[in-house]
Amino acid sequence: MSTREAYLQTLNSNAVFEHPCMPLTKILSSGSFYYALDSPWDLSTRLAVRLSRDSRIQYDIGVFDERFVWNEYIIRSLLDFREKLDPHERQDLDRCQFIVLAIQGYVGVSTMALPAPPVNAAPVIATLSLISRLGWKRAGTRFNTRGVDDDGNTANFVEASTETILSTDQHSVSYTQVRGSVPCMLFLHLLSFSSHSSSTVFWEQQGIQTFGQRIQITRPQASQPAFERHFAHLTEEYGAIHAINLLGTKENEATLTAAYAKHLYQAKGIWGDQLSITHYDFHNAVRIGGHDSIVRELGHLEDIGDHMDRFGFTLTDASTGEKITEQHGVFRTNCLDCLDRTNFVQDILSRKAIEQFLGLVHREWLQASAFWTHHRELWAENGVLSDATKSVSRAYINNFQDKNKQIAIDMFLGNLNNQTQVNIFDPVRDMVRKTLSERISEYSSTRPCTIFVGTWNVNGRPPSESLIPWLYPRDSEPDIFVLGFQEIVLLTAQQIIQTDPEKRRAWEHKVVETINDRSKSSGEYVLLRSEQLVGTALFVIVKSELTSIIRNVEGTTRKTGLRGISGNKGGIGVRLDYHDTSFCFVTAHLAAGHSNVEERSTDFWTITKGLHFLKGKTIASHDKVIWLADTNYRIDLPNENVRSLVTERYYDPLVGSDQLRLAIETGEAFAGYDEGPLLFPPTYKYDVGTDNYDSSEKMRIPAWTDRILFQGGLDLSVYSRAELRGSDHRPVFALFRTEVRIIDTIKRAALSRLLLETTLAAVPGEMLEEKFAALALPSDTDDLPAPSSDDLNWWDKLEINKGSLVVSPPLLEAAPANPFDSPGDSPLSSCPSSDEELYSHAADLPLPITPEPVTRRKINTLGPVK
């Protein structure tokens, strides 16, 4: 037996094959997931919201706060199936407890006997509960997910619904706080690792994450809309918000604090005094006075004290379920990772809120040491880790093991790019969805969009000349610039192992500066997304006004060098939703070498099949796709023939021998893609700084290596090259015009309901297609006439009937009643003619309205928790 065979035999005998769901099992067994056995208990929702629900849905498992139910992706099809059942069938399913709602976070319950007032010797049994709910919409490990996404979801968002719920036989008091990462977008660089797929981020942190971090704000302009969405969600859900920022004043955190304060200042005009902030350097305070000083100082900070009084707490009568008072705002606390510092401060705020309640109802408990011991222990279990050795251990684990944990989390949430949600077969709704897709024009509108696309292999060189001839070949102001670069760094072994981002940043700065210098009259452009794979880079730059309507921006990469091991060749994809139209932009650097046609085509298919985005999205799943790449396809003609034909500007023979065009015709690569006519000279290869094709010893054959291809209803108006001489390639550009779709969700829901009702009402043998064709949405009846202009009065367009204006009955029916009108039979509907009539009418007036208490709700104690 050879040494190699012996080694393989040993390897095979010791091989352990892990079940594909094992990472998910580990996550669920971590002790941080909870569910309630009693179906009426909704762990995902705080007390104040549960009490405000209609009694018919208060105990409905299908009603929950979807921000905190982590297995929503897994059970969604079951919930949809349950919704379609008859009430009695739904109850039977619920009794089986087949559908379970799971939250992640912490649930702690302490029951204790507290001293009663002197009039009653029996002690009072009180229950103190702490429920922390971790949001899943931007979920991840400490160092793999930070910041905020385009929809305003922050990493590490926790409704630490400190629902500190304190319950006795008389009252229940609930106090809610939230925490979350700083809502400025970020990207993390850990050692030499880079993310293969990530959603939009706006600040980045570099280096090994132990005790020092380097933080850089990478997208300050485009971050504002996401920042505002985040606080719009919070104010809508909780009311007023007071942020407590615990970041330090040292350089590594001061940058993030400054960005936070700037965003908050810019958003001040939206919410006024509903949104405010306190900056508190936690580490500096501890260094000066220790942790006890923070307990003292926070209570004396004017802003925090005032907001404690203003926000209050939710108090209910335990015997009747009547809501006595309600909390009117929350504190939003953050540090860098929303762990130790944040937890410590939230513990203090929770205690102060309970002290407010006890000062009004149970003053004797303020000095009950057993009560505060339970409170402190609950918060300690919720996350305080002050031991230094634990911090060191956690830093190691987070840096080197978090990546696998992140994959398991993404699997659970359905975020992996190769996942497809399981749906229960439903032919009725499948038919409705298909018909809705076919009739999209009935519930949507369109708006024009222009896109500039450019690609350039810069041969490892920094910017050295004006980019105006490339970026502005026509006098136009595109909505979006999409720029692909190849060889943005020299493809050395060192760069392949650990790429230097500085050259990419130099090009970013040059491009954005050039665009904004030229476009000052039409508004500012901002860098929406930038991705790099060794020497390949992709920039997406948009008008700043569009950042609020472009959503779900993601970037991903796929290596193809050395059979997928090396990033010296490969592709980058960036996808986004502009209103309700999805775009995917792909830049790539395919295999080099004149004769390596098959390798180039293989690279194309590797990128096409292997480049995935979140939720299973691929390149092909988008409405509009554009490739901008150094494809490296060459011209199969002798060198002297090619150069002669180029000199004569006779390109037809060259196009006929172009490897890429031949690959498209045979279906070997880029099948289904379109390309504009090649009416410009080949873009490769030049002597740098000249207009001369390669004069080196290799004398490479000129070729159109740099190409732009597209599909999805894009109108190509320009396709050419720019005469920039800073590289051995010439940059190529294309200008597209297209339409983006804007869906009216109300009309879509109405049409969907109409189609569903028609389908369910059909009898056997009916032709549904004919019935669907006859269906139409009712025309809008609530539109008022256009206002008058200098030339036309608004009533001129209405029908005239014998000198009277005719207004459609539906318009009148839809109009709200005049609030100053009284009912016809009301004694106040006519004016009495004398004092005597006035007094006689007064006797007939209804009695004064008796105030009624708030609708009563029954409070449930916390059921068994697993």
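This is a predicted model: local features need pLDDT of at least 70, side-chain atom pairs count only at pLDDT 80 or more; totals for chains, interfaces and linings use all residues.

Biologist: How many residues has the largest nonpolar core?

Modeller: The largest nonpolar core has 47 residues. Those with the most contacts inside it are Leu-166, Ile-294, Phe-331, Leu-358 and Phe-371.

Biologist: And which helix gives the most to this core?

Modeller: Helix α10, residues 340-361, gives the most, with 8 residues. Another core lies apart from the largest one. That other core has 43 residues, among them Ile-480, Ile-572, Tyr-686 and Phe-710.

Biologist: Back to Phe-331: what does it touch?

Modeller: Leaving aside residues up to four places away in sequence, Phe-331 touches Tyr-175, Gln-177, Val-178, His-242, Ile-244, Ile-304, His-307, Met-308, Phe-311 and Leu-349.

Biologist: Now the sheet. In what order do the 6 strands lie?

Modeller: The order is β19-β20-β18-β17-β27-β26, in an open sheet with mixed pairing. The edge strands, each pairing on one side only, are β19 (525-533) and β26 (715-721). From one strand to the next, the twist averages 20°.

Biologist: Do tell me about β17 and β27: in which sense do they pair, parallel or antiparallel?

Modeller: Strand β17 (residues 444-457) pairs with strand β27 (residues 732-743) in the antiparallel sense, over 12 bridges. Within this pair, Ser-445 stands opposite Ile-742 in β27.

Biologist: Last one: which strands does helix α17 lie across?

Modeller: Helix α17 (residues 502-518) lies across β17, β18 (480-486), β19 and β20 (536-543). Helix α17 runs at about 155° to β19.

Definitions and conventions: Residues are numbered from 1 along each chain as its sequence is written. Side-chain values use heavy atoms; hydrogens and water are left out. A nonpolar core is a set of buried Ala, Val, Leu, Ile, Met, Phe, Trp, Tyr and Cys residues joined through side-chain atoms within 4.5 Å. Buried means under 20% relative accessible area, exposed over 50%, partly exposed in between (1.4 Å probe, protein chains only). Helices (H or I, at least four residues) and strands (E, at least two) are DSSP runs, numbered from the N terminus. Contact means heavy atoms within 4.5 Å. Two strands pair if DSSP finds at least two bridges between them. Axes are lines fitted to C-alpha atoms, for helices over the stretch in contact, and angles run from 0 to 180 degrees between N-to-C directions.
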